[in-house]
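Please keep the sequence and the model in view while reading.

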Amino acid sequence: MVRTVWERAQALGVIASCMATTSCGDGAVSTPDQIEIFAPDLEISVQQNGAGHYHQISERKTGHFDIGHEGFVKLQTQTEPFRISDDSMSAKEVSNYIASGQRCEGNYATDQGGISLHWKGKSVDQFYAVDYGCDGQHHAARNKALQGILASMPVPHPDILP
């Protein structure tokens, strides 16, 4: 299952870098039950109570951590601007896009790593994914914010990220 999730996360990164904007954000704050973060070689999942786990794929290393409910609220606050952005996608839109077999066109770099966020809950099931190589200079502030979120987590730093 982990490999399937990782492959899905990689696909989401490609989707995000290739799709024009798809509006999913309605501005309303939905409280997720879980936030997942996918980065190269690393998968992180945090529950609403702050209990989390990670899987570092290349090292075959897993671990657990607890950031508490306050830490989850902080994580939600940090990621919320991305969830309500025009670039977030519903789970249904992601599934439909993958099933369509469409492929990206144009030039983009895929060697810069990327990150995907997934908010899951009763009233939310949304994704936000970026490839850092897609117009990296233009998106430098966004990329730095996303890398900062990842760096703030008590998990191993993915060696593959720039």
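## The sheet and its helices

An open sheet of 7 strands, in the order β4-β3-β2-β1-β6-β7-β5, is built with antiparallel pairing. Its edge strands, each pairing on one side only, are β4 (61-66) and β5 (89-90). Strands (E, at least two residues) and helices (H or I, at least four) are DSSP runs numbered from the N terminus, and two strands pair if DSSP finds at least two bridges between them. This is a predicted model, in which local features need pLDDT of at least 70 and side-chain atom pairs count only at pLDDT 80 or more, while totals for chains, interfaces and linings use all residues. Residues are numbered from 1 along each chain as its sequence is written, and side-chain values use heavy atoms, with hydrogens and water left out.

| Strand pair | Bridges |
|---|---|
| β1 and β2 | 6 bridges |
| β1 and β6 | 5 bridges |
| β2 and β3 | 5 bridges |

F38 has E43 as its bridge partner in β2 and S116 as its bridge partner in β6. E43 in turn has H55 as its bridge partner in β3. In the hairpin of β1 and β2, with 2 residues between the strands, D41 takes a positive phi near 70°.

Strand β1 is largely enclosed by the rest of the structure, because 6 of its 6 residues are buried (under 20% relative accessible area with a 1.4 Å probe, protein chains only; exposed means over 50%, partly exposed in between). Q34, E36 and F38 cover one side, and I35, I37 and A39 the other.

## Helix α4

Helix α4 has 12 residues and reaches 16 Å from its first C-alpha to its last, close to the 16 Å expected at 1.5 Å a residue (1.5 Å times one less than the number of residues). Its buried residues are R142, N143, L146, I149 and L150. They lie on the same side of α4 because they cover an arc of only 120° around the axis, the arc being that of the directions from the helix axis to the C-beta atoms. The buried residues of α4 pack against β1, β2, α2, β6 and β7, with packing contact meaning heavy atoms within 4.5 Å. On the face turned away from this buried side are the exposed residues A141, K144 and A151.
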